[in-house]
Amino acid sequence: MRTLGLDYGTKTIGVAASDGLGLTAQTVTTIRRTNLKADLAALKELVREYEADRFVVGLPLNMDGSEGPRAEATRKFVEALTEVLGLPVELWDERLSTVAAQRTLLEADVSRAKRREVIDQMAAQFILQGWLDARRPPSSGDDYDDRDYDPEA
């Protein structure tokens with residue numbers, strides 16, 4: 001099963017999906033918001049298409065970690081998402097995800113028009129990838145220290 005990452009905004013919802021192994025996040029689409037019912041229907045279709053079993057939604061915290069009006073709106077959206085689609089939803093601190101996405105696109109020399117098209121998807125990808133990375137256990141090689149290597153042993 002896959003996880004869908006969402007960057008919930010006032011005008012759009014950026015969507016990313018994990019690969020089947022839950023290692024990487026890829027951009028999927030940007031949903032142009034119209035009303036809650038239509039937004040949820042579009043997400044339901046993506047759940048079916050990607051065989052997703054959960055959502056990770058970016059929680060827009062202030063830089064000091066407090067919640068403002070956007071975080072409150074996101075929490076209300078998550079309540080509706082959970083109620084209508086019945087899948088687990090996890091919130092993930094999305095501070096600076098859009099900034100990171102913009103920086104990546106600028107470094108790749110993507111045109112302004114194209115950046116506008118994909119920025120929300122990229123932010124969703126950063127949100128989801130951060131969540132995936134945090135869940136991944138360290139590999140057994142991460143604690144290897146070659147100073148402990150004894151060729152005589």
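What is the relative accessible area of Glu 90?

Mentor: Glu 90 has a relative accessible area of 29% and is therefore partly exposed; on this scale, buried means under 20%, exposed over 50% and partly exposed in between, with a 1.4 Å probe and protein chains only. The model is a predicted one, in which local features need pLDDT of at least 70 and side-chain atom pairs count only at pLDDT 80 or more, whereas totals for chains, interfaces and linings use all residues. Residues are numbered from 1 along each chain as its sequence is written, and side-chain values rest on heavy atoms, with hydrogens and water left out.

The side chain of Glu 90 meets that of Arg 54 in a salt bridge, at 3.0 Å from N to O. Since Glu 90 belongs to strand β5 (residues 89-93) and Arg 54 to strand β4, this pair ties together parts that are 36 residues apart in sequence. Helices (H or I, at least four residues) and strands (E, at least two) are DSSP runs numbered from the N terminus. A salt bridge requires a side-chain nitrogen of Lys or Arg within 4 Å of a carboxyl oxygen of Asp or Glu, and a search of the whole structure finds five.

Two further salt bridges lie within helices. Glu 45 and Arg 48 meet at 2.2 Å, N to O; they are three residues apart in helix α1 and therefore separated by about one helical turn. Glu 45 is partly exposed at 35% relative accessibility, while Arg 48 is exposed at 56%. In helix α2, Lys 76 and Glu 72 are four residues apart, again about one helical turn, and their side chains meet at 3.7 Å, N to O. Lys 76 is exposed, with a relative accessible area of 53%, and Glu 72 is partly exposed at 46%.

Strand β4, which holds Arg 54, pairs with β1 in the parallel sense over five bridges; two strands pair if DSSP finds at least two bridges between them. In this pairing, Leu 6 stands opposite Val 57 in β4. On β2, Ala 16 stands opposite Gly 5, and β1 and β2 run antiparallel, joined by five bridges and by a hairpin through three residues. Because six of its seven residues are buried, β1 is largely enclosed by the rest of the structure.

The largest nonpolar core has 20 residues, and those with the most contacts inside it are Leu 6, Leu 43, Phe 55 and Leu 81. Such a core is a set of buried Ala, Val, Leu, Ile, Met, Phe, Trp, Tyr and Cys residues joined through side-chain atoms within 4.5 Å. Two or more residues come from each of β1 (2-8), β2 (12-18), α1 (36-50), β4 (52-59) and α2 (69-85), and α2 gives the most, with five. Contact meaning heavy atoms within 4.5 Å, Leu 43 touches residues including Leu 6, Phe 55, Phe 77 and Leu 81, those up to four places away in sequence not being counted.

One aromatic pair is found in the whole structure. Tyr 8 and Phe 77 are stacked, at 4.1 Å centre to centre with 15° between the planes; they link strand β1 to helix α2 across 69 residues, and both are buried. Ring centres of Phe, Tyr and Trp (its six-membered ring) must lie within 6.5 Å to pair, with planes under 30 degrees apart counted as stacked, over 60 as edge-to-face and the rest as tilted.
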